[in-house]
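Please take a moment with the sequence and the structure shown below.

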Amino acid sequence: MRDVAVIGIGMNEKWGELWEKSFRTIFVEAALNAIDDAKIDKIDAMYIGCMSGGLFVGQEHIGSLLADYLGTGPIPATRIESACASGGLAFRQAFIDVASGMSDIVLAGGVEKMLDVDGGATTYALSTAADQEYECFHGITFPGLYAMIANAHMHKYGTTRKQLAQVAVKNHKNGSMNPRNQFPFETDIDSVINSVMIADPLTIMDCSPVTDGAAAVILCPLDLAKEKFKDHPVIQVIGSGHATDSIALHSRKDLTWLSAVELSGKNTYKMADKNPSDIDVCEVHDCFTIAEICATEALGFFEPGKGGMAVQDDVTAIEGKIPINTSGGLKSKGHPVGATGIAQILEITEQLRGDSGKRQVKDAKIGMTQNMGGSGGSSVCHILEVK
Amino acid sequence: MGITARNWREYPQRYRMEAAKCNKCGKIFFPPRLVCNECGNREFEQVKLAGEGKLKTFTVIRVAPSNFIDEQPYAVGIVELTDGVSTLMQITDCDPDELSIGMRVKIEFRKVQTEGDAGILMYGYKAVPLRE
Ligand SMILES: [Zn+2]
């Protein structure tokens, strides 16, 4: 296997309600930003994470569409789907493609245009990431599934309503320093707890938003990056891991434990030859506040049940021992589901390059991403290191 | 959309809670499946799920999917039945405030949703708190 580096990153100038731009335009915009950042003049292959072009904009077959509009020529372009982990998985497929020696310059992108349909259609499209016949049939929603995880976590470990809110407060504080975010404003604990209840105990401020957005990164062999692409510090992908779990939450023995996150994390640490204590900065999949708490436990940053306390004690703040979601996370940045996993790679690459401005984690050398599908039915992790 | 056929296929589970018990290791699957994920065996015996259990977790849906809007707010939970099988269902005939993790429930046959403009009624199982 060849060593692989990330040489270019790009996303839209701002995520959010991009009424004036189409599905194809937001993708091409992000991809061109990544291509310009890398200063490349060709792409050998492309992988695009997209959960549901069909339900959100009535568009499938997006490999053909997006390669055409990006002007890449007739390259192999593959759409990757693993619900909200589609972006992370697209990055992993691009990594495998370069590592295997099949392709040299590969674009890994993600795109979702969620705001062309009304709220009911959005809820339906997202619900297809759960078990249609044995979860959705009974009227459960994604906030509802994570609310049940939250109640189980609170019952088993004594995690508090306030600690859940503190995840949102921290991520919005980080996000207030990231102008690309959909909601780059600060909030406070009372505002989170007292906002509209969606599924007890989660309010709308515990939930990541619905977003239009795209992101893209460029990968190539490490040797080529060192030789030809010297404008940025060289960022190597040193670990990649992917795992699945039952799609239905109720099939899992422990409702508070995200096994796919644990396993994808362990495989990534093993490949990278690193431990949780080696990680300087990490982006995790905070689709809901409770998800960040569960993910940080499953990745081994904290003991089971201690994730809430860690947020309360500022351990996961930018100045903390293990900064989590310096970008603002899905919560503040927005969550265009297929693009989220790629935007996580973008944030970690910026951090390792030292380009994160006010959000910069001091001396960040090793960073990690964790991107999750559904209620934890799939998870993809990566570890990046500046060389 | 094929909703009618899709619903019809699930009648044995939705109406009668039919499950499959692995002939080799005894694990019970709901719905039935073709291969046991515990031992790899492919032979099963048909069993009916237990009619009682306890709440492992729950929530109250305040913002419902479009086909449940008339019902909101409503409670949904994961019930661990006395035979060890856990599955998700609505919790009905209750005040959401009286629900708690560990609470005992019984399973009843109820209307679950009305689908589409033609309005086919879809029935299935729901949990009702057992008040001792
Ligand atoms: Zn078996």
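This is a predicted model: local features need pLDDT of at least 70, side-chain atom pairs count only at pLDDT 80 or more; totals for chains, interfaces and linings use all residues.

Residues are numbered from 1 along each chain as its sequence is written, chains are lettered from A and ligands numbered from 1 in the order in which they are written, and side-chain values use heavy atoms, with hydrogens and water left out.

Reader: How much area do domain 1 and domain 2 of chain A bury between them?
Author: Domain 1 covers 4-118 + 210-235 and domain 2 covers 135-208 + 236-386, with bounds from an automatic or database domain assignment. Buried area is the accessible area (1.4 Å probe) that two parts lose on being put together, summed over both. With 68% of it on carbon and sulfur atoms, the area for these two domains is about 3,300 Å².

Reader: Which three residues supply 22% of the area that domain 1 of chain A buries against domain 2 of chain A?
Author: No other three residues of domain 1 supply more of this area. They are A:Trp15, A:Cys84 and A:Ile235.

Reader: Which side chains meet in a salt bridge?
Author: A salt bridge is a side-chain nitrogen of Lys or Arg within 4 Å of a carboxyl oxygen of Asp or Glu, and the rule finds one across the interface of domain 1 and domain 2 of chain A. At 3.0 Å, N to O, the side chains that meet in a salt bridge are those of A:Asp37 and A:Arg353.
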